[in-house]
Amino acid sequence: MKESANATAANAEVVANASTPLLEATGISKSYRRGVRRKPLRVLVDANLALRSGEIVGLVGENGSGKSTFMKILVGSLNRDGGVLVRNGAFGYCPQEPILYERLKCDEHFDLFGRAYGLDGGFIDRSRDEIYSLLGFEAYRDVRVAELSGGTRAKLNLALALLPDPDILLLDEPYAGFDWDTYLRFWELAVDRRNAGSSVLIISHFVADEERFDRIVHLKDGRTEL
Ligand SMILES: Nc1ncnc2c1ncn2[C@@H]1O[C@H](COP(=O)(O)OP(=O)(O)OP(=O)(O)O)[C@@H](O)[C@H]1O
Ligand SMILES: [Mg+2]
């Protein structure tokens with residue numbers, strides 16, 4: 001009797017954990033100051049988002065609607081003016097503009113970022129080889145970023161977000177520079193991470209993608225709409 005009561009309590013805890021957001025942003029606001037003569041540009045007025053384990057969420061909106069601004073705030077690389085942000089897990093971030101070191105090779109990026117994430121050498125090796133194979137750019141492992149094509153840079157940029165296998169993946173237009181085959185591989189990878197329990201937020205432009213997401217959040221006039 002006691003065992004089954006304990007099992008029920010344990011299940012209740014699992015259910016509670018599953019419904020606790022890994023990331024929750026409430027009432028986020030942000031304006032950019034633009035010098036003394038021009039008034040501030042209000043980009044986010046009331047942006048809300050809760051990300052849970054095991055879902056792929058799309059963040060869509062017109063050019064300039066504030067998608068990247070919102071994601072930078074979720075990541076913590078940009079200060080918000082107002083609102084509440086709670087993160088309950090480790091995250092990986094793929095910025096819209098790749099942040100890479102021109103003089104370092106692909107392999108050296110994995111080592112550098114892996115150490116910064118605090119990963120051990122064995123984990124870095126396994127994760128790196130898996131990502132090279134999934135995104136198909138192992139041939140470039142010893143090539144410096146300065147010599148890479150735009151698409152391969154985009155692969156490396158995404159790879160560095162995937163490297164620590166984080167609970168939350170925040171990806172800002174990760175496949176904008178990919179060919180079709182790589183685009184399809186990307187989705188296999190996103191679904192695998194989702195099925196393993198990660199939460200994946202993807203900024204996207206393409207209406208054609210919509211059926212691939214578990215749900216879509218629209219950003220318009222500084223507000224999120226379902
Ligand atoms: N550092 C900044 N200083 C001033 N204005 C900025 C800054 N960054 C972005 N903006 C402005 O804020 C608005 C939102 O920009 P943001 O990059 O968040 O949009 P976005 O939805 O990601 O657009 P895109 O689809 O083109 O990537 C735009 O009008 C942009 O010009
Ligand atoms: Mg953007």
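**Entry 1. Domains.** I began with the domain assignment of the protein chain, which gives domain 1 (20-89 + 167-178 + 194-226) and domain 2 (101-166). I note that the model is a predicted one. I then looked up the separation of the two domains and found their C-alpha centres 25 Å apart. Domain 1 gives 8 residues to the contact, and domain 2 gives 8 residues. Between them, domain 1 and domain 2 bury about 610 Å², of which 74% is on carbon and sulfur atoms.

**Entry 2. The magnesium ion.** I asked which residues coordinate the magnesium ion (ligand 2). They are Ser68, through OG, and Gln96, through OE1, at 2.1 to 2.2 Å. I placed Ser68 in helix 2 (residues 67-75) and Gln96 in the loop between strand 5 (91-94) and helix 3 (106-116). The pair is 28 residues apart and links distant parts of the chain. I also checked accessibility: Ser68 has a relative accessible area of 16% and is therefore buried, the cut-off being under 20%. Gln96, with a relative accessible area of 39%, is partly exposed.

**Entry 3. Helix 6.** I compared the span of helix 6 (residues 180-195) with expectation. At 1.5 Å a residue, its 16 residues should span 22 Å, and the end C-alpha atoms lie 23 Å apart, which agrees. I next asked which residues of helix 6 are buried. They are Thr182, Tyr183, Phe186, Trp187, Leu189, Ala190, Arg193 and Arg194. Seen down the helix axis, these buried residues fall within an arc of 165 degrees, so they line one face of helix 6. I recall that an α-helix has 3.6 residues a turn, so residues three or four places apart point the same way. On the face turned away from the buried side of helix 6, I found the exposed residues Trp180, Glu188 and Asn195. I then looked up what covers the buried residues of helix 6; the cover includes strand 3 (55-60), helix 4 (121-135), helix 5 (150-162), strand 6 (168-172) and strand 7 (199-204). Gly197 follows helix 6 and has a positive phi, near 110 degrees.

Entry 4. Most residues other than glycine have a negative phi. I recorded Asp165, whose phi is positive, near 50 degrees. Asp165 lies in the loop between helix 5 and strand 6, and it is partly exposed, with a relative accessible area of 44%. I also recorded Glu173, with a positive phi near 45 degrees. Glu173 sits in the loop between strand 6 and helix 6. Is Glu173 buried or exposed? I found Glu173 to be buried, at 15% relative accessibility.

Key
Residues are numbered from 1 along each chain as its sequence is written. Chains are lettered from A and ligands numbered from 1 in the order in which they are written. This is a predicted model: local features need pLDDT of at least 70, side-chain atom pairs count only at pLDDT 80 or more; totals for chains, interfaces and linings use all residues. Side-chain values use heavy atoms; hydrogens and water are left out. Donors are N, O and S atoms within 2.8 Å of the metal (3.2 Å for Na, K and Ca); water is not among the atoms, so sites may look incomplete. Helices (H or I, at least four residues) and strands (E, at least two) are DSSP runs, numbered from the N terminus. Buried means under 20% relative accessible area, exposed over 50%, partly exposed in between (1.4 Å probe, protein chains only). The expected span of a helix is 1.5 Å times one less than its number of residues. The arc is that of the directions from the helix axis to the C-beta atoms. Contact means heavy atoms within 4.5 Å. Domain bounds come from an automatic or database domain assignment. Buried area is the accessible area (1.4 Å probe) that two parts lose on being put together, summed over both.
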